[in-house]
Amino acid sequence: MKLLTHNMLTSKCLKGVNVGYPLGIVAKDIKVLETEFNSEFVLRIIPKLDWDTLWNAADSIGHSGDLPRTLCDDYENDVEFLKKAHHVLLEVEVINGELVCPESGRKFAINKGIPNMLLNEDEL
Amino acid sequence: MSRPEHQAPPELFYNENEAKKYTQNSRMIDIQVQMSERAIELLALPDDEPHFLLDLGCGSGLSGSVLEDQGHRWVGFDISSAMLDVALEREVEGDLLLGDLGQGLPFRAGAFDGAVSISALQWLCNADKTSHHPTKRLYKFFSSLYSCLSRTARAVFQFYPENSDQMELMTTQAMKAGFFGGVVVDYPNSTKAKKFFLVLMCGGAAPLPKAMVEAEEEERISYSSKRDQLKKMRGKPLKRSKEWILEKKERRRRQGKPTKSDTKYTGRKRSGRF
């Protein structure tokens, strides 16, 4: 699971959970895979992100590096910054571990990089 | 062959054996790729921009690979872990999630620029467990999808409806969830090439995209209708005339009744000598 996906994931499908965001990460296995840098995509995706969540998620698995804690105003022209964002968003992958719902504490297992979001009948 | 939905729930039907077909059977792959390309065309994304898309029922990631080829990033969602394992083997670029569409999508509001789904929606019409209620599951799915798409986004579903009731059930639930749109049927006159696409739009009503038809097919239709028109203009042949007799014999032959063959004497007046 990439941190970009984590930034979009919630546990609001659980019964009794309203926001379910952000999910906590317990990472046991992390892999860094290089992918092609596409500045256009990173530029388009940044306004959609919750930056605090991204930074905290990256920090909690020890991959925040020197990513700025807050977004600066003219990040559009800062290629170095975009490359760092690209690295954190798309190159750091959690292979094994757990996602934790902030409200109910329900754990979603991550196996081979695939979070299991299946719910039991009584959780709907 | 009976429909896969009737055989077993999706998480059991798409086991290792079935999943293998999607990497080895080139015909299956071709069809999946073609349908994915058409679905992306129907998404009508602005050109040359990379988008963040959702692939619902991504399976082994064949449709995702088509998205990658067009420069988009994607997140795949599927209920069969065997199919997702195949996707991992194929080393697709998209991120994968294991989940049930009928339980709702676990995403933040406005996360995606669009969604595609190839041959997955019909599975939601099944009640595989006693607690499953297809109408409720469809509504939950569509309403959660509506919230996780951005304002101008579209969602395109290729699906195999079993009957018109199913199609109506799907469209009503989608409209109830706030979507605009409807079903586009490609090649409606062909049994094999006929494909159903449910095109849903978030931002207000817009005209549905045009369905594809075979060029030849169109010609054939106009030709036969022209022939019918000519026939109508001529009217029925005069009773007991030669044309009338020939037509009647032709009809009997078509019905498989014993009929004398046509000769130069057929329908000819007898000479006065008789």
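1. Buried face of helix 4, chain A. In this predicted model, helix 4 of chain A buries Leu82(A), Ala85(A), Val88(A), Leu89(A) and Leu90(A). These residues lie on the same side of the helix, because they cover an arc of only 165° around its axis. An α-helix has 3.6 residues a turn, so residues three or four places apart point the same way.

2. Opposite face and cover. Glu80(A) and Lys83(A) sit on the other side of helix 4 of chain A, and they are exposed. The buried residues of helix 4 are covered by elements of chain A that include helix 1 (3–8), helix 2 (39–45), helix 3 (51–60) and strand 2 (92–100).

3. Length of helix 4. Helix 4 of chain A runs over residues 79–91, which makes 13 residues. From first C-alpha to last, helix 4 reaches 17 Å. That is close to the 18 Å expected at 1.5 Å a residue.

4. Layout of chain B. Chain B has two parts: domain 1 (4–214) and domain 2 (240–274). The C-alpha centres of these two domains of chain B lie 60 Å apart.

5. Strand 2 of chain B. This strand covers residues 73–78 and is mostly covered, with six of its six residues buried. Arg73(B), Val75(B) and Phe77(B) point one way. Trp74(B), Gly76(B) and Asp78(B) point the other way. Both sets are buried.

6. Strand 1 as a neighbour. Strand 1 of chain B (residues 52–56) runs parallel to strand 2 of chain B, and five bridges join them. Among the pairings, Phe52(B) has Arg73(B) as its bridge partner. The chain gets from strand 1 to strand 2 through helix 5 (residues 62–69) of chain B, and this β-α-β crossover is right-handed.

7. Strand 3 as a neighbour. Strand 2 of chain B also pairs with strand 3 (residues 95–98) of chain B, again parallel, through four bridges. Here Asp78(B) has Leu98(B) as its bridge partner.

8. Which elements of chain B supply at least two residues each to the side that touches chain A? In total, 22 residues of chain B are in contact with 26 residues of chain A. Strand 2, helix 6 and strand 3 of chain B each supply at least two residues of the side of chain B that touches chain A. Strand 3 of chain B gives the largest share of that side, four residues.

Terms used:
Residues are numbered from 1 along each chain as its sequence is written. Chains are lettered from A and ligands numbered from 1 in the order in which they are written. This is a predicted model: local features need pLDDT of at least 70, side-chain atom pairs count only at pLDDT 80 or more; totals for chains, interfaces and linings use all residues. The expected span of a helix is 1.5 Å times one less than its number of residues. A residue is buried if 20 or more other C-beta atoms lie within 10 Å of its own, exposed if 12 or fewer, and partly exposed in between; C-beta atoms are placed from the backbone. The arc is that of the directions from the helix axis to the C-beta atoms. Two residues are in contact if their C-beta atoms, placed from the backbone, lie within 7 Å. Domain bounds come from an automatic or database domain assignment. Two strands pair if DSSP finds at least two bridges between them. A crossover is right-handed if, with the strands pointing away from the viewer, the path from the first strand over the helix to the second runs clockwise.
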